[in-house]
Amino acid sequence: MERVKKELNVEIGRRLREIRENMGYTQFRFAEILGVVEEHYRKIELGSSGLTLEKVLILYERLNIDATYLIVGKRKDKFDLDDILTNCSKVEKRKILHRLLEYMDQMVDREA
């Protein structure tokens, strides 16, 4: 059982690192968001420490990180931007656009 737990922690840490890098955040910033020291956060990404449910909830609430993907590695079957935009307010649409532009800017910076 301990080996399974360790493997799960490693997979969660790998997915968390991938998400963090895609969002353009440093380990230090994710540690701040989670309320842990940077060294502890590094251990989470390496899988030598696990995330508590409280920390998973913080990632979901503050960064909109899909807990299902983080824990089991499965993404939602379908992403339909039209459906999302149809069912949100103007304020939410602006937030989506702002986030997309931030993401694209980070991708351009990373490639430069």
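Where is the place of Leu97?

A: Leu97 is in helix H7, which covers residues 90-111. The structure is a predicted model, in which local features need pLDDT of at least 70 and side-chain atom pairs count only at pLDDT 80 or more, while totals for chains, interfaces and linings use all residues. Residues are numbered from 1 along each chain as its sequence is written, and side-chain values use heavy atoms, with hydrogens and water left out.

Helices (H or I, at least four residues) and strands (E, at least two) are DSSP runs, numbered from the N terminus. Leu97 forms a nonpolar surface patch with Leu101, Tyr103 and Met104, and together these residues have about 400 Å² of accessible area. Patch members have over 30% relative accessible area and no salt bridge; nonpolar side chains (Val, Leu, Ile, Met, Phe, Trp, Tyr) are joined within 5 Å, like charges within 9 Å. Accessible areas come from the Shrake-Rupley method with a 1.4 Å probe, and for residues only the protein chains shown count as cover.

As for the whole protein, it has seven helices and zero strands, so its order from the N terminus is α-α-α-α-α-α-α. Its C-alpha atoms fill a box of roughly 45 × 30 × 25 Å along the principal axes. The accessible surface comes to about 8,400 Å², and carbon and sulfur atoms hold 56% of it. Of the 112 residues, 26% are buried, where buried means under 20% relative accessible area, exposed over 50%, and partly exposed in between (1.4 Å probe, protein chains only). Among contacts with a separation of 6 or more, 57% join residues 24 or more positions apart; a contact means heavy atoms within 4.5 Å.

The interior is the next topic. In soluble globular proteins, nonpolar side chains tend to be buried together. Here the largest nonpolar core has 19 residues, and Leu16, Phe30, Leu51, Leu59, Ile65 and Leu70 have the most contacts inside it. At least two core residues come from each of helices H1 (2-23), H2 (27-34), H3 (38-46), H4 (53-63) and H5 (67-72). Such a core is a set of buried Ala, Val, Leu, Ile, Met, Phe, Trp, Tyr and Cys residues joined through side-chain atoms within 4.5 Å. Apart from neighbours within four places in sequence, Leu70 contacts Ile12, Arg15, Leu16, Ile19, Leu51, Leu59 and Ile65.

Arg15, one of these partners of Leu70, lies in helix H1. At 6% relative accessibility, Arg15 counts as buried. A polar atom of its side chain lies 2.9 Å from the backbone oxygen of Tyr69. With residues up to four places away in sequence left out, Arg15 touches Tyr69, Leu70, Ile71, Val72 and Gly73.

The search of the whole structure finds eight salt bridges, each a side-chain nitrogen of Lys or Arg within 4 Å of a carboxyl oxygen of Asp or Glu. Arg20 and Glu45 meet in one of them, at 2.5 Å from N to O. That pair links distant parts of the chain, with Arg20 in helix H1 and Glu45 in helix H3, 25 residues apart. Arg20 is buried, with a relative accessible area of 7%, and Glu45 is buried as well, with 4%. Arg20 also forms a salt bridge with Glu21, where the closest N and O atoms are 3.9 Å apart; Glu21 is partly exposed at 38%.

Arg42 is partly exposed at 33% relative accessible area, and Glu39 is partly exposed at 44%. Elsewhere, salt bridges that share partners join Glu11, Arg14 and Arg15 into one network.

Two loop residues remain. Ser49 lies between H3 and H4 and counts as buried at 16% relative accessibility. Beyond neighbours within four places in sequence, Ser49 contacts Asn9, His40, Lys43 and Ile44. Asn64 lies in the loop between H4 and H5 and is exposed, with a relative accessible area of 63%. Most residues other than glycine have a negative phi. Asn64 has a positive phi of about 60° although it is not a glycine.

How values were computed:
A polar contact is a pair of N or O atoms within 3.5 Å; within protein, one must be able to donate a hydrogen and the other to accept it, and residues adjacent in sequence count only if both atoms are side-chain atoms.
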